[in-house]
Amino acid sequence: MYKDTNCGEPRESAAGSQITVAGWVHRRRDHGNLIFIDLRDRSGLLQVVFNPKYSEKAHDLAGSLRSEWVVQVTGKVVTRLPGAENPDLPTGMVELSATDLVILNRSVTPPFEVSDEVEVDANTRLKYRFMDLRRPRMQEILKLRHEVIHIMWDYLTDKGFTQIETPILIKSTPEGARDYVVPSRVHPGNFYALPQSPQQLKQLLMVSGVERYFQIARCFRDEDLRTDRQPEHTQLDFEMSFVHQDDVMTIVEELYTRIVKETSPDTEISAPFPRLTYAESMERFGTDKPDLRFGMELTTITETAATSDAQVFQAMASSGGSIRGFSVPGCGDYGRRQTDNLTEFAKSSGAQGLVFIALDESAASIDALENDHIRSPLKKFLSVDVVKKIATEMGAEPGDLMLIVAGTEKLVNTVLSNLRNEMAKRLEMADPKQIAFAWVYDFPLFEWDEELKKYEPAHHVFSSPKAEHMDYLETNPGKVIGFLWDLVCNGSEMGSGSIRIHDKDLQTRLFNIIGYTEDQISDRFGQLLTAFTYGAPPHGGMGLGLDRLVAILAGEDAIREVIAFPKTQSAVDPLFEAPSPIEDQQLEDLHIRVVMPKS
RNA sequence: GGUCCCGUGGUGUAGCGGCCUAACACGCCUCCCUGUCAAGGAGGAGAUCGGCAGUUCGAAUCUGCUCGGGAUCGCCA
């Protein structure tokens, strides 16, 4: 070993001992006859002093050191002179009085400082990711991610799960997301696809009698990127036989509670996780991934609003539309600029417009509300009584701002849930220390696709319908509820699970409802259906996004921050400059001809 | 594919029609310095302002296109 001690370790108790450390020169403070080096390794910083009194040779050599050089230092741990301690450093009571210095490697001037302080341009960070990852914050995140995975392995192993790898080269399944595809050399014109998830494979493993499988699985989707979406992401993928919905949820709940407690002890987490049905979630929050860290729940006021003289409301109510809204506490004093801005925001989410009713805080109560207390673009069509009634329904108080949207139910929900999150963000209503998990269950199995004019699976085709809804499968698919659920956290989807179908005939019925032909079914799912005829046990499981979990634990918005080598928004790796053209010979071997798009 | 924001020495920013021969901080280089820890002091190097085209007497600054980054809608079973 080049070192016997890590930089971050020495304390006062080590004073007097002879140690050897190795690491990177973090900072150099050269006083001429006395040189200080902050030496950094993964464990932290240690101040090294080069004093010619103890070693002329080491001191001379130390004068040439520069940032990020790699060195090995031997010396004696000494307590610092009184008054020279650094309370900001864990090792700040001591320093290493160097007697020997070995330069293991030099560094050219780094493109940016290895420090958490500086915010460096995203592209530069990725181009020099190996430098970026040296920053303490990034090191911390890498360790956090490892720790999360470690706990998963431990916990699931304890619970009798077996980790099994599934192929990365598998078969393309054109439904769902676009596949990443790999050409076959041996079979001209044929392609593998990278898995979007190991869904069918893990179900096959259940048929194989594994009973409890898990994998930290890489999943690939060739779709546009977002803050929380990368072309490849990692899932905790697991599957269990002979279980019901609750059994699966319990496993995840225990595991995730443990992860939060062990990795982020300061965090507030409510266990057991609140459970709400899909219908309830849509009604209260307008979304299937509600952020439960704050209130501002939605209220339906269609009937009350229709009794007003406002044309918009009357027309919407009579045409079967929905009028809903919520009350924002303390924003009754919003001026024109702010309300205009909110209207614009609502429009960007697809709303025709946004109706606000501002209640002046000088009113003693909602009952005591008078005309002068009310501000609204629809004021002349809204009687004081109607406003009182709406305010009561929404639970608004004087000084609040009520935001109301009218339209189809789907649109109203989309707009309002976006608005709700936006208001919470602007008002900083979410406690950053809180991690609010929740289960949303009883999802409908199918969603009507307006463009394709057909039913599409809400999550995927393998989820089991509830027994009491079997009869609707062909007659009214939209009504069928499945054993299908999501884990949500702080307003984002963390994973999705279901009890799967394990019966060939039932699975075939579902494929039919989605409109697959016999050929498509046997081509894409033949292996699964065949397996089902050989004694498939009832089973269910989940796929849970690891990147998003780690991001939330780390307090980051972008999963890019918790992936060692992520890609930019245009799916490029600036470090390797991937993707890139390949050699003509490679193309030839693969029987591929490139046709560039006409620009 | 659409919309929005950003692009100025190595890094982070300022400048937003002429005071720009581009400013500041950090970093870098040279020298001085025995108690610093974002060390200090003196001096120095480093940028055709992402690229192209245009408007203008004059463009870092305005316009268009384009490239790159980011946010978002579509997309993401």
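Two strands count as paired if DSSP finds at least two bridges between them; strands (E, at least two residues) and helices (H or I, at least four) are DSSP runs, numbered from the N terminus. In this predicted model, nine antiparallel bridges join strand β9 (residues 212-220) to strand β10. Chain A holds 17 helices and 24 strands.

Residues are numbered from 1 along each chain as its sequence is written, and chains are lettered from A and ligands numbered from 1 in the order in which they are written. Local features need pLDDT of at least 70, side-chain atom pairs count only at pLDDT 80 or more, totals for chains, interfaces and linings use all residues, and side-chain values use heavy atoms, with hydrogens and water left out.

**Overall layout**

- The C-alpha atoms of chain A fill a box of roughly 90 × 75 × 55 Å along the principal axes.
- Of the 599 residues in chain A, 48% are buried (under 20% relative accessible area with a 1.4 Å probe, protein chains only; exposed is over 50%, and partly exposed lies in between).
- The domain assignment, whose bounds come from an automatic or database source, gives domain 1 (12-105), domain 2 (137-267 + 544-588), domain 3 (294-429) and domain 4 (437-541).
- The centres of domain 2 and domain 3, taken over C-alpha atoms, are 41 Å apart.

**Barrel**

- Five strands close into a barrel with mixed pairing, in the order β1-β2-β3-β5-β4.
- From one strand to the next, the twist averages 55° (axes are lines fitted to C-alpha atoms, and angles run from 0 to 180 degrees between N-to-C directions).
- Strands β2 (residues 35-41) and β3 (residues 44-50) run antiparallel and are joined by seven bridges.
- Arg 40 has Leu 45 in β3 as its bridge partner.

- Nine of the ten residues of β10 (residues 232-241) are buried.

**Surface patch**

- Tyr 2, Val 102 and Leu 104 make a nonpolar surface patch of about 280 Å².
- Patch residues have over 30% relative accessible area and no salt bridge, and nonpolar side chains (Val, Leu, Ile, Met, Phe, Trp, Tyr) are joined within 5 Å, like charges within 9 Å; a salt bridge is a side-chain nitrogen of Lys or Arg within 4 Å of a carboxyl oxygen of Asp or Glu.
- Accessible areas come from the Shrake-Rupley method with a 1.4 Å probe.
- Tyr 2 lies in the segment before β1 (18-30) and is exposed, at a relative accessible area of 55%.
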